[in-house]
Amino acid sequence: MQLNNNVTEFVLLGLTQDPFRKKIVFVIFLLFYLGTLLGNLLIITTIKTSRALGSPMYFFLFYLSLSDTCFSTSIAPRTLVDALSEKTTISFNECIIQVFTFHFFGCLEVLILILMAIDRYVAICKPLHYMTIMSHRVCSVLVAVAWVGSCVHSLAQIFLALSLPFCGPNVIDHYFCDLEPLLKLACADTYVTNLLLVSNSGAICTVSFVVLMFSYVIILHSLRNHSAEGRRKALSTCISHIIVVILFFGPCIFIYTRPATTFPMDKMIAVFYTIGTPLINPLIYTLRNAEVKNAMRKLWSKKLVSDDRR
């Protein structure tokens, strides 16, 4: 996997080098990661076991929770281990794998959010044709396309990473491997590579965000023709989606759509979208969605009943 490289491993500086602060980082990441696993796995289990959540919206929510879980897992466990270690090194191959998984599940989340917006548009603007247009087969094909698209994006990132020659410095001023910090270590002109990075990750984030916000504007505008109850329910769902979109895309656009410059707050922004957003998403979708809350209550009630019978 290594091309023209003398570097076999990298040193991750992490969020801090202070031993006491590293323990604080460990506790925060552990709590956030466990919360992410609990919240998203609860949604996944609820959707899989509840017949009431069989609509396309929950089909896509299932994959959003799955991508959130995997996205966070690509970063958090490694960060937890590093927070307890004195020597925080990562091999070249491990670094490349982390770049791939991080971008794969990040891109998958972007595409699933787009599919959820399409689903809401069809449900609200074309309700009579909803079940015909968003059939289970169509939804499955759309999710499969999202997986393929994510793979193509991630392979492009890997190609960019492998094209960089590393022949000296190997200290990454970050807590995980990504192309931005790797560009700073390359012993070559990275101007073209940075342009490709911006046109790849940056364009995906920006274009997706604009498309999503435009689609929700259309959806909200079309609610004028609905009943008060219909408006209330659709508005609650759309606001949940919009909050998730803003929280996820805001930091990504800030990181990936600018020239190869770094700011002191970059690491903290990265913390927000690597462990913060995957934790917030299930909270938003459960607290603002009565159907999900009711399904969770029924699932919990069934578990209590089965435990009592034992």
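Reader: Before we start, what does buried mean here?
Author: Buried means under 20% relative accessible area, with exposed being over 50% and partly exposed lying in between, using a 1.4 Å probe and protein chains only. This is a predicted model, in which local features need pLDDT of at least 70 and side-chain atom pairs count only at pLDDT 80 or more, while totals for chains, interfaces and linings use all residues. Residues are numbered from 1 along each chain as its sequence is written, and side-chain values use heavy atoms, with hydrogens and water left out.

Reader: OK, what percentage of the 310 residues is buried?
Author: Buried residues make up 47% of the 310 residues in the protein.

Reader: And Ser-72, where is that found?
Author: Ser-72 is found in helix H2, which covers residues 56-73; helices are DSSP runs of H or I with at least four residues, strands are runs of E with at least two, and both are numbered from the N terminus.

Reader: Why does Ser-72 count as buried?
Author: Ser-72 counts as buried because its relative accessibility is 0%.

Reader: Which residues is Ser-72 in contact with?
Author: Leaving aside neighbours within four places in sequence, Ser-72 is in contact (heavy atoms within 4.5 Å) with Tyr-33, Thr-36, Pro-77, Thr-274, Ile-275 and Pro-278.

Reader: Switching to the whole protein, how many helices and strands are there?
Author: The protein has 11 helices and three strands, and from the N terminus on its elements run β-α-α-α-β-α-α-α-β-α-α-α-α-α.

Reader: What does the C-alpha trace span?
Author: Along its principal axes, the C-alpha trace of the protein spans about 65 × 50 × 30 Å.
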